[in-house]
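Student: Could you guide me through reading the contact between two chains, starting from the general idea and then turning to the case at hand?

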There are 2 protein chains.
Amino acid sequence: MDDLTEMLKGTLEGCVLEIIGREETYGYAITRQLHELGFADVVEGTVYTILLRLERNKLVQVTKRPSGVGPPRKFYALNDAGREELARFWTKWQYVSSRIDRLKEGGR
Amino acid sequence: MDDLTEMLKGTLEGCVLEIIGREETYGYAITRQLHELGFADVVEGTVYTILLRLERNKLVQVTKRPSGVGPPRKFYALNDAGREELARFWTKWQYVSSRIDRLKEGGR
DNA sequence: TACCACTATACGGTATCACCGAGTAGCAGA
DNA sequence: TCTGCTACTCGGTGATACCGTATAGTGGTA
């Protein structure tokens, strides 16, 4: 699938939140998980900018741990604000996607 | 629903294409139609920027007609390139939204 | 006549977001 | 020593929706 970047704006961050919400994880692993999910063109740099933004906006708790196979990893976990933001994201997604689907199905 | 603007990036233009694809119409009417569809916060200025962009990218055919109740209207209709772009949009939407839904439903 | 409301479009500037590219760094195997 | 994989950072770019304002035609009303 070619160039989804514009369509991912506003949703990719939510996807990252969802992934972090399942279990504490780190940037490099999140990137690979996104690839497996079908977002094959999302590059590492993008994921890290999102993670830094989440950290700046105080939606995550960060813990640095040694890796054993490379540089130390920064593990991310949602805090209360992050879980609220994630809930808001899914509410918005539900709203927007249902309305677009209705439009697609010929809804007026 | 509050502040959907980021999530609409990359999809609003496609929605406008879809609306134009159904019947020749003009900016002011498109705005009201979007409001009825649930995108209540989309303002006129946004729709006009999209329309000017569609025109610049040669995806639409434009006809100016007098209105009777105000200034002349610029009617927009899709041309072949516009119809192709619309089809591409729905393909992308299908791809992206299905994957996000899968993520939402706990799919890894 | 003056004012207001509704219809209708245009445009310069702004914020946000994903992406790009380059850099830094640790570890393992050939 | 060199290559490849792992892992994170950061400055700059382009696309997009939004904001605010301006312009303009028509009709109603005080």
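Tutor: Buried area is the accessible area, taken with a 1.4 Å probe, that two parts lose on being put together, summed over both. In this predicted model, chain B and chain A bury about 3600 Å² between them, 71% of it on carbon and sulfur atoms. Met7(B), Trp93(B) and Leu103(B) supply 21% of the area that chain B buries against chain A, more than any other three residues.

Student: Which conventions apply here?

Tutor: Local features need pLDDT of at least 70 and side-chain atom pairs count only at pLDDT 80 or more, whereas totals for chains, interfaces and linings use all residues. Residues are numbered from 1 along each chain as its sequence is written, chains are lettered from A in the order in which they are written, and side-chain values use heavy atoms, with hydrogens and water left out.

Student: How many salt bridges are there between chain B and chain A?

Tutor: A salt bridge is a side-chain nitrogen of Lys or Arg within 4 Å of a carboxyl oxygen of Asp or Glu, and the count between these chains is 0.

Student: Which element gives the most to the side of chain B that touches chain A?

Tutor: Helices are DSSP runs of H or I with at least four residues, numbered from the N terminus. Helix H5 of chain B gives the most, with 14 residues.

Student: What is buried in H5(A)?

Tutor: Buried means under 20% relative accessible area, with a 1.4 Å probe and protein chains only; the buried residues of H5(A) include Phe89(A), Trp93(A) and Ile100(A).

Terms used. Helix = DSSP H or I, 4+ residues; strand = E, 2+ residues; numbered from the N terminus. Buried < 20%, exposed > 50% of the residue type's maximum accessible area, 1.4 Å probe, protein only.
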